[in-house]
Amino acid sequence: MTKRAPAPPHVAIVGGGLAGMSAAETLSRVHPELRLTLLESKRLPGGRAGSYVDPQTGGEVDYCQHAAMGCCTNLIDLLQACGLEQHLRRDRSLTFLHPDHPPSRFAPSRWLPPPLHLLRTLHAQRYLSARQKREIRSGLWKLMRTPVDTLRNCRAHQWLSDARQSEDTVRDFWDVILVSALGEHTRRVSMAAARKVLIDGFAASRGASDVLVPIVPLADLFGRQLASELTRRGVEIQSGQTVRQITSEARVITSTQTLDADAVICAVPWHRIAELFDQWPDGRRDALPDLPAISAIPSSPITGLHLWFDSPITPMDHAVMVGTVAQWLFRAPFGSQEKHHYYQVVISGSHPAITGTKQTLIDTVLAELRHAFPAARDATLLRHRRVTDPNSVFSLRPEVDAIRPAATTNVPWLSLAGDWTQTDWPATMEGAVISGRLAAAAAVNHLQRDTDSSSLAPDRFLTPGLAPGRLAGLLIRSDQRDGDAWT
Ligand SMILES: Cc1cc2nc3c(=O)[nH]c(=O)nc-3n(C[C@H](O)[C@H](O)[C@H](O)COP(=O)(O)OP(=O)(O)OC[C@H]3O[C@@H](n4cnc5c(N)ncnc54)[C@H](O)[C@@H]3O)c2cc1C
């Protein structure tokens, strides 16, 4: 009788957002022999990076416009690995609009080395006074010379005030960049997170601040095209399957089935994780990460205000709006614009005190658009829809950063993924993709423990960040030991 080959190890991935899909993509590429099951509670995977069907046109509209940056190397790599990179448009310049000033173009120099490539374009921002520009240059210099580890316990607002950034400079520059990148205000976010945005996202490397805009609906890009590539590679995607429990024996229970797994990657959002483990016996529960603390991580809302006009209000693809409630305007990057001219205004950190009621918000934003774009004065708003997810992103405060768990847990078969886990990134698509790759490495380490005593470095599956330019490498202090001569 021939001996049957042992069944391949089974990895169950709970949660089909970008983190779960990234874990599945990594495992299916690196270990195609594994049996992989991805369980997602919604109809389509993709999680927060998704779309709804507009009942009027039948077309898909993203819940909220998503944009990535040139420094998002893992997201870009994931899309390349799946043949989907052509669905991101790369824009190398931004337009800043302030109600009291002419438009300002932000386009880093193609010739000057980073971080000097930012100097002229910073100077060209017409809504900033000469004093504000001086403060910003000195604040950015100080930030480059401050290692990230010294900023972890510090709120951005405090650091900026210590760095002599006046209130109007914080409002007109730092908040404009940081609120849209971190989804939260400088009064709350950690300065380490702010440094990540300003240094890695702007100062260190050429191309880091390029804006990458999906040109197909997110539901199509991630929910269908990425999902179908995973299916082609053998990942079993079960949509519409809400997991009720992950038991202490590595069983994954939904309302219709129980799956036995050799490793489980839990990739649900921070506010959904505790309920999956609440049946664990007392003695075993201690091995889990601090789930009550994780569930209590505060969230920050982002609002997408969807607007359909009867005529175009601007030919610009996007604009950053300063000094207004509206923060970004995006023109439809896809879909027919024949009858309806679709735009979306994005407001991050959209706490009710800022946005007010739905009607006040629409009135305010319409007035702001009519002021900024003369063509909007002749355009009729046909309809609108406000979409606010109160749990859009976790609020990256210093105390939150301290409790973000690693992918590896004290339960050998269990690893965690999700933008909220410890990735060194804020709540972004890039952070989610990195977290999935780290969780995949943790699962592989667990599965290989019997055959290989050495364990993979957790970042083995990561794409390196953009290399800093030579001058930036000299000027930017990466840790506390290097470059004291400059201080
Ligand atoms: C309004 C808004 C705007 C944003 N803008 C940007 C942007 O411009 N750029 C950017 O980079 N990022 C942006 N983000 C953040 C980005 O969307 C997230 O960081 C990223 O998508 C998180 O992915 P994730 O997989 O960690 O989590 P999620 O996307 O939340 O995925 C978790 C998945 O788990 C599923 N799930 C939950 N519980 C269960 C269960 N019990 N059983 C099975 N499945 C379950 C959920 O349905 C979901 O699909 C934005 C987010 C929002 C909400």
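What follows is a conversation about the domains, the ligand and some single residues.

Student: What kind of model is this, and which domains does the chain have?
Tutor: This is a predicted model. The domain assignment gives domain 1 (10–49 + 217–297 + 399–447), domain 2 (108–207 + 467–475) and domain 3 (299–394). The centres of domain 1 and domain 3, taken over C-alpha atoms, are 33 Å apart. Their contact takes 12 residues from domain 1 and seven residues from domain 3.

Student: Why does the ligand lie between domain 1 and domain 3?
Tutor: Both domains give residues to the shell around the ligand, so the ligand lies between them.

Student: How many residues surround the ligand, and which are the closest?
Tutor: The ligand is surrounded by 33 residues, with Glu40, Arg48, His66, Ala67 and Asp419 the closest. By class, the shell has 15 nonpolar, 12 polar and six charged residues.

Student: How much of the ligand's accessible area does the protein cover?
Tutor: On its own the ligand has 1,000 Å² of accessible area, and the protein covers 93% of that. The elements that give two or more residues to the shell are α1 (18–30), β2 (35–40), β19 (381–394) and α15 (429–447).

Student: Let's turn to burial. Is Ile13 buried or exposed?
Tutor: The general idea is that a residue under 20% relative accessible area counts as buried. Ile13, in strand β1 (residues 10–14), has 0% relative accessibility, so Ile13 is buried. Leaving aside neighbours within four places in sequence, Ile13 is in contact with Gly20, Ala23, Ala24, Thr37, Leu38, Leu39 and Ile265.

Student: What can you say about Ser350?
Tutor: Ser350 sits in the loop between β18 (341–348) and α11 (352–355), and Ser350 counts as buried because its relative accessibility is 4%. Its side chain makes a polar contact of 2.7 Å with the side chain of Thr303. Not counting residues up to four places away in sequence, Ser350 touches Pro301, Ile302, Thr303, Thr355 and Thr388.

Student: How do I read a helix in the same way?
Tutor: In helix α2 (residues 73–81), the buried residues are Thr73, Asn74, Leu75, Ile76, Leu78 and Leu79. They pack against α1, β5 (68–69), β6 (88–91), β9 (211–214), α8 (218–232) and α15. Just after α2, Gly83 takes a positive phi of about 70°.

Student: What should I look for in the backbone angles?
Tutor: Most residues other than glycine have a negative phi, and most peptide bonds are trans. Here, Arg164 is not a glycine, yet has a positive phi of about 60°. Arg164 is found in the loop between α5 (156–162) and α6 (167–182) and is exposed, with a relative accessible area of 72%. Ala250, also not a glycine, has a positive phi of about 65°. Ala250 lies in the loop between β11 (243–246) and β12 (251–254) and counts as buried at 5% relative accessibility.

Student: And where is there a cis peptide bond?
Tutor: A cis bond joins Pro114 and Pro115, with omega about 5°. Pro115 is in the loop between β8 (101–106) and α3 (119–123).

Notes: Residues numbered from 1 in each chain as written. Predicted model: local features only at pLDDT ≥ 70, side-chain atom pairs only at ≥ 80, totals over all residues. Heavy atoms only, no water. Helix = DSSP H or I, 4+ residues; strand = E, 2+ residues; numbered from the N terminus. Buried < 20%, exposed > 50% of the residue type's maximum accessible area, 1.4 Å probe, protein only. Polar contact = N/O pair within 3.5 Å; in protein donor to acceptor, adjacent residues only side chain to side chain. Contact = heavy atoms within 4.5 Å. Near = heavy atom within 4 Å. Areas by Shrake-Rupley, 256 points an atom, 1.4 Å probe, with all protein chains shown as cover. Nonpolar A, V, L, I, M, F, W, Y, C, P; charged D, E, K, R; others polar. Domains from an automatic or database assignment.
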